[in-house]
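Please open the structure in your viewer and keep the sequence panel beside it.

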Amino acid sequence: MAGGDLRSLALVSAVVTAAMCYVRFAARRLRPGLPRLAAFLPVLAVLPFLPLAFRAVHPRAISGFFLAWLAEFKLLLLANGQGPLHPSLPLPAFVAVASGPVRLRADKPAQNSPSGLGLVSSAVMASLLAVIVSLHRYKEQMNQYLLLTLYAFHVYFALELVLACVAAATRALLGLDLEPQFNRPYLSASLGDFWGRRWNLSVTAVLRPCVYRPVVARLGSTAAGVLASFLVSGLVHELMFSYITLRPPTGEATAFFALHGACAVAEAWWARHDKWWRPPPLLATPLVLAFVIVTAFWLFFPPITRPGADKVVIAECEAAVAFLRDAGAWTAGSVRLVWTGRS
C-alpha cells in the first residue's frame, strides 16, 4: 500500500470511528423507526464515498465491501431496532461489528458448525494464491477459460484470506468470538446451499433480515423474497465493481444474480416434488460449481476484465508477493547475522 493510501487509511478509519460513535450515541437516545433513521442519514450518505479515498484497487474494493455494503445494511437494521448491532455493545465492539464482516455468536457453536480458517489452512490458501498470481505472467499463452478459472480461484482465496485476517485481528484485539465467513462452498449440493449457507456468510446475514424476510412478510412468497435478495445483491455488486474499475455500472452483475435467483427459485420448486429425479450429491456438487463458474465467465468477470482492472489487481498482488518475499529474505538474513554473531 502506497504512502498516500496509508494516509487515506488513517483518515477513513478516523471518519468511520467518529461516525459509528455518533450512531451509537443516537441509537441510545432515539427509539427505533423514523427518528433513528433520520439521525443515521448523514452517516448513510457519507459511507459510500469513503472508499474513493484510496488509489489502489484492493483497499478501495475491500473498504467498499465493508462500508458501502455491510455497514449500510447493518445501520438500516439498527434503525429498525434489529441486530447484529445494539447500542449497549461496548464502543470498540460496536465499531468493529458495524464497519466490518464481524458477526458475534449468539451462543456456543453447534458441534457441526463451520469453524474459521486455521493457521495451516490459511498458509495453504496463501501459498495457492501466490502460485495463481505468479501464473498470471503466462496469461498471454493461456486459454481464455483457463485464465478466467484462475480468476475464480483468485477471488475465492483472496476473500477467504482477507475476511479470515479481519476476523483474527478482531478476535485478538477485542476478544470477540466470530462466525466464519465461508463454509466450504466447494461442497455445495445446490444453488441455495451455495449462496445461502456456504458463500460469504456475512452478506447472507444482512440480506436475510434486510430484504428476504420483509418481502416474504409483505407478499407471503418465499420465491419473491429469494428473487428480491438476489436482485439487491446484483445492484450492490454493480457498486462494488464501480469501486474496482472506477466506471459506471454495466448491468451484467445484476443479470448474473437475477439469473442465479431465478434458478434458485426453480431449483427449490423442483426439490418440493419428492418423486422427481434429483442428482446424487457426487453429481450435484460439480454441476453446481460448473454452473457458478460458467455463468461467472459469461456475466460476472467481463465488467472487471474488459476495462483491464484485472491487470491492476494482479500487478498489486505481484507487488505484495514481492514485498513479502523480500521482507522474509531480510528477516532470515538478520536472524542469520544475529546467530553468527552469537556464535
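**The whole chain.** Begin with everything displayed as a cartoon, bearing in mind that this is a predicted model. The secondary structure of the protein chain comes to 13 helices and zero strands. Of its 343 residues, 41% count as buried, and among contacts between residues at least 6 apart in sequence, 67% join residues at least 24 apart. If you switch to a surface view, the protein chain exposes about 18,800 Å², of which carbon and sulfur atoms supply 67%.

**The nonpolar core.** Next, select Met20, Phe40, Leu47, Phe65, Trp69, Leu75 and Trp195, which touch the most other members of the largest nonpolar core, a set of 78 residues. Helix α3, covering residues 57–79, gives the most to this core, with twelve residues. Now centre the view on Leu75 and show what surrounds this residue: leaving aside neighbours within four places in sequence, Leu75 is in contact with Met20, Val23, Phe40, Val43, Leu44, Leu47 and Leu85.

**A loop residue.** Move on to Tyr186, which lies in the loop between α6 (144–174) and α7 (191–198). Beyond its neighbours within four places in sequence, Tyr186 is in contact with Tyr156, Thr285 and Leu289.

**Helix α9.** Select residues 222–245, the 24 residues of helix α9, and look along them from one end to the other: the helix reaches 34 Å from its first C-alpha to its last, close to the 34 Å expected at 1.5 Å a residue. At the start of α9, show the side chain of Ser221, where an oxygen reaches to within 3.4 Å of the backbone nitrogen of Ala223. At the other end, α9 is followed by Leu246, whose phi is positive, near 60 degrees.

**The cysteines.** Finally, select Cys210 and Cys263. Cys210 counts as partly exposed at 22% relative accessibility, and Cys263 is also partly exposed, with a relative accessible area of 24%. A disulfide is a covalent bond between the sulfur atoms of two cysteines, and a search of the whole structure finds zero disulfides.

Note on methods. Residues are numbered from 1 along each chain as its sequence is written. This is a predicted model: local features need pLDDT of at least 70, side-chain atom pairs count only at pLDDT 80 or more; totals for chains, interfaces and linings use all residues. Side-chain values use heavy atoms; hydrogens and water are left out. A nonpolar core is a set of buried Ala, Val, Leu, Ile, Met, Phe, Trp, Tyr and Cys residues joined through side-chain atoms within 4.5 Å. Buried means under 20% relative accessible area, exposed over 50%, partly exposed in between (1.4 Å probe, protein chains only). Helices (H or I, at least four residues) and strands (E, at least two) are DSSP runs, numbered from the N terminus. Contact means heavy atoms within 4.5 Å. Accessible areas come from the Shrake-Rupley method with a 1.4 Å probe; for residues, only the protein chains shown count as cover. The expected span of a helix is 1.5 Å times one less than its number of residues. A polar contact is a pair of N or O atoms within 3.5 Å; within protein, one must be able to donate a hydrogen and the other to accept it, and residues adjacent in sequence count only if both atoms are side-chain atoms. A disulfide is a pair of cysteine sulfur atoms within 2.5 Å.
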